Number of protein chains: 2
Amino acid sequence: MFEIIKRDGLARKGVLHTPHGKLETPALLPVINPKMVTVKPTELYHEFGFRGLITNSYIIRNDPALHERALREGLHSMLDFPGVIMTDSGTFQSHMYGEVDVSNEEIVSFQRSIGSDIGTVLDVFTEPYWTEEQTWDSIRLTLKRTEEATSIKGNMMLAGVVQGSVYPQLREECARAMAFMDLDVHPIGGVVPLMEQYRYLELVDIIIASKKGLTPERPVHLFGAGHPMILALATLLGCDMFDSASYAKFARDDRMMFVDGTARLQDMHGLECDCPACQGHDIESLRTMKKNEREIIIARHNLYELRREIKRIHRAISEGTLWELAETRCRAHPALLDGIRRLDEHAEFLERHEPLSRDGAMFYTGTETLSRPSFYRYHKRSMECYVPLFHRCVVLDEVGKPHGRHMGDTFTSLLSQGVLPLVRTPFGLVPPELNELYPLAQSLFPQIIDASTAETMEIREKEFLSAHGLEITDTYNEQTKNFDVNLLRAVAVARYQFGKEAAKILFDGDIELVVSKKTGKIRNVLVNGEHILSMRAGDGYYSLRLEGARKLVENLPSPKMRVTVVDDAVPFNREGRNVFCGFVYDSDPNLIPMDEVMVVSRAGELLAVGRALMTRDEMLSFEKGMAVKVREGTSSQQHHNVLDDL
Amino acid sequence: MFEIIKRDGLARKGVLHTPHGKLETPALLPVINPKMVTVKPTELYHEFGFRGLITNSYIIRNDPALHERALREGLHSMLDFPGVIMTDSGTFQSHMYGEVDVSNEEIVSFQRSIGSDIGTVLDVFTEPYWTEEQTWDSIRLTLKRTEEATSIKGNMMLAGVVQGSVYPQLREECARAMAFMDLDVHPIGGVVPLMEQYRYLELVDIIIASKKGLTPERPVHLFGAGHPMILALATLLGCDMFDSASYAKFARDDRMMFVDGTARLQDMHGLECDCPACQGHDIESLRTMKKNEREIIIARHNLYELRREIKRIHRAISEGTLWELAETRCRAHPALLDGIRRLDEHAEFLERHEPLSRDGAMFYTGTETLSRPSFYRYHKRSMECYVPLFHRCVVLDEVGKPHGRHMGDTFTSLLSQGVLPLVRTPFGLVPPELNELYPLAQSLFPQIIDASTAETMEIREKEFLSAHGLEITDTYNEQTKNFDVNLLRAVAVARYQFGKEAAKILFDGDIELVVSKKTGKIRNVLVNGEHILSMRAGDGYYSLRLEGARKLVENLPSPKMRVTVVDDAVPFNREGRNVFCGFVYDSDPNLIPMDEVMVVSRAGELLAVGRALMTRDEMLSFEKGMAVKVREGTSSQQHHNVLDDL
């Protein structure tokens, strides 16, 4: 059973519960070749802290001594590893040597007999050079075997491998077929040749296609991804597990893995590594020591580097900076840069999982940054949900400077002259009403804008102007009417965050704004004397209050902005308890993480307001984990203090 | 005395010889506040391996106890540090507190009396907000004090600080004036406010301006640069020394330094550091320990991170990958990215120090890569030194693929039809004769070309076509004449490497090519039966042979391609010994590192051939270090085997 702890877009920190304890993901499982152990499993567990490893059941099966021992003592005792053991099935051997002398039924049963925590189906490795037809034929066989394996697995968790060569459509279909089978983990298989040939562009397409087809509550394992330089990108795309045989294989060839690439010992002019394996060594001492001693040191170095990067990725997910990390890591190789550049093609899919907001500033790292889904989202919503006050506008150039600071006077003055002031940013044109929203106000850009960024900006600007029928003007009116930017902002943010229809319902009545004396920013919105919304200082979005939710429940058609819970949960949510996955009956299909939602009963009664942490798919698929962080229930015991959110 | 060991453009690995041993550069000197020691100097030396530190003579002077002790025992004994001690003068205190109560004469004498290895003039800190006039007035005072200090310093090495606020022209003038004074090290001062305000764009201009004015044989110290994220960029621009008080200051505020930025402990969601200071700790244990214990651990972490980055930079210089490293590091902050983007403005200056070739492949890391001087150089030389065979051409799109592989047949066929095949690359258009030259054949690009890269390519393509009067055609001739691409290449490479005039001299006569049977590539060029050139397989450039040099010495006007040595050196170089700096009389002012040169006597007699490792400025300025690596002298004892170079 898999549970999400924290997510950022497709990336997630989770916990996979297994018979041998919890595996925190993203996780790297070192590969142990039972016939050639470079670093002992017990060291992997106790010294390095790896809570899982992967070994090959086919190799064990074919070695009489290991075979007998594994059946007798079980895998965990044989390998002396107390953590999670996943086993591969022999598929990779069939890729390497053409075929294997075992049936799916036999190898799945064997994995179960030796006590593997996660066994793997004997899928068919789809080679990158295969035709589409050949690939589809072999997928059918894989699916048949996978179905067969689910009836054999017993209590063993089972990994169903997504195949499909380089054909995204086939990958997606294979994944979707497996989503309906009783499986626990989904490796994406057949990708080692692509990684060996640095075909990261195709790898990105394959991962995304697989993610589209799979069901979200199972962890995705990128089979054979064991280089630290690729882990951030793969995690960004929603991979949760990795395995590495490379740490040992590379060590055999005197190759050291770093996040910025592989270095061959003979080419290196120095060693700057502080990891426990390298400490006390320099490049000369490494070169002159015995080959077998060196191999162990390098293998251990590679494991430390992998461990460090996995931890770094965990931190980045928690801190909301995984995009920055992945974009930086992709500088390690031009082919990896192709991988991140390819994300431009997948903006729409990525946007569906992009949170409304993050803590902290967003950093631009290069032209690739403009492909992030937050840029796509702003462009889309600013076209669909924004309503301009005038159709005459001016464009102010503020690139590279913090937006909306010290510009209040300019804005007010221009508005009073009947002209809409738009600020040019790498996100597109930003009207004054939206300039405090994440990520517009929380992003840092260089002053020197490259041509790619400028080109994208120009395209988006034209589309924005045209969508709203805006015309750039240089004739201003006499100073006529003064507009309260805060009042405009109050409505514009609601439209942007909740959509036009909901905004109209919320703002129907006499509007009163409570404004911070210190910052001049909106804190609360009252309509007809009722406190319906609070504005968060950090990201400029609203928190929905119960009174606002009441207006919406009455007037906004279901299922918009709603999470419906099962009957059993009703009394708990009404009292202000959070909504957990198992208790979600249904929800708005358009929810994105961090959206404000109304928790309602199946009869449509309002129970609570809160913030969604997941998409609908996720809420309905996961057994465990928080779906909605409830802020207040309709029968909450204690009165909620509105300032708690600020 | 300062000596270069290895260089890459403006960046250099060097050794500064001092009374307390050698300081290998690039070097970071931790700052020791003698009144508040966080990490003991003896630990800095023995545990961390820092061979130098910097402390403040003004603080020592103003503390009666320290004052007395420093005079009595000397600085090295007082601080218990056996390495190089540099002292600052109180200038930074004048920046912080408005003024200091000491004269230049007094503080320079004091530094000498307490045994500082490198003392510093009491220069005037030029604030970034100063006017140009105010800045120039204070520079005059700084120059006067610097001149005064040179007469007081005695045996102490003296640091003359380049000032000039944000005015590049003033920085350059200040630097140039100091180049004629008796100084040993040049800090670039007054930059801390710029770094604190993330004004890296201006910092880049200031460093480059200072480098232009300074004389190359003295190390350049970037005062106050103590964050690991900036060291690669500063080294790339020719800074040799850095100092860090931040390691301790940041630790006091619970801030950890990483190459990808600063992280505040309270914001961090994990600790992935493997450095000796962090080992055994996690984020929780750090947070919950006593403040003073934690401060020491973080300070030590910061020092380990700095040490690691300095070592990483040493390795990058040696391996020729500093551009890649600096471009990647600059992703840490958009303002730092501005710094590297600014280099586009300085391409001409950078190109003068850019080596002809490097070992290994060049990686594209982003649009910023196109500002590297190697791109500028190819564009310039391909315009000036290339002579097209035809004026009708076709453009082949091979972006993202290795150039010139498997295209031999296409080339031959097109040439035989009277059409010049040009390959589109991010360097510009590449004719078949040049496609094996570094960096054209040794570079890796992504397949997805962004608009900035495409735009630069387009501009350069147009300029190239126009410079050579080339026209893109789609009408081909009948197959007429077959051209030997190797023969075309032999001449084209000579023009590109040595210039048109030298190429004409070299190829005057009957040309015979010795071609590798295995690779089909040119190995040797014989003219009238004499072996004049060998072609290197690695980078596609020529090594000049003695017979070739003889032709050039007779026909190419001096000082082109020449390094003239003083009379004393003549017999040694004639025997094939290398040319060292102190013995260079003069040289071709256009030499770039890795250029082929003729070593000649003052009378113009050819003594040897070899490869220049420096520019003329450097050859004439340095006292120590190799200026020309000689391949063969005219009286070399043993016959040189031409295959040695291949």
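**Reading salt bridges**

Mentor: Begin with one residue: A:Asp274 is buried, at 5% relative accessibility. Keep in mind that this model is predicted.

Trainee: Which residue forms a salt bridge with A:Asp274?

Mentor: In general, a salt bridge is called when a side-chain nitrogen of Lys or Arg lies within 4 Å of a carboxyl oxygen of Asp or Glu. Here the partner is B:Arg307, with the closest N and O atoms 2.8 Å apart. The pair crosses between chains, from helix α14 of chain B to the loop between β13 (261–264) and α13 (283–288) of chain A. B:Arg307 is buried too, with a relative accessible area of 15%.

Trainee: How many salt bridges are found across the interface of chain B and chain A?

Mentor: The rule finds ten. One of the bridging pairs is A:Glu272 with B:Arg312, 3.6 Å apart at the closest N and O atoms. Both residues belong to a network of salt bridges that also includes A:Asp260, B:Arg315 and B:Glu319.

Trainee: What does a salt bridge inside one chain look like?

Mentor: Take A:Glu284 and A:Arg287, whose closest N and O atoms are 3.5 Å apart. They sit three residues apart in helix α13 of chain A, so about one helical turn separates them. A:Glu284 is partly exposed at 44% relative accessible area, and A:Arg287 is partly exposed at 29%.

Trainee: And how many salt bridges does the structure hold over all chains?

Mentor: The count over all chains is 105.

Key:
Residues are numbered from 1 along each chain as its sequence is written. Chains are lettered from A and ligands numbered from 1 in the order in which they are written. This is a predicted model: local features need pLDDT of at least 70, side-chain atom pairs count only at pLDDT 80 or more; totals for chains, interfaces and linings use all residues. Side-chain values use heavy atoms; hydrogens and water are left out. Helices (H or I, at least four residues) and strands (E, at least two) are DSSP runs, numbered from the N terminus. Buried means under 20% relative accessible area, exposed over 50%, partly exposed in between (1.4 Å probe, protein chains only).
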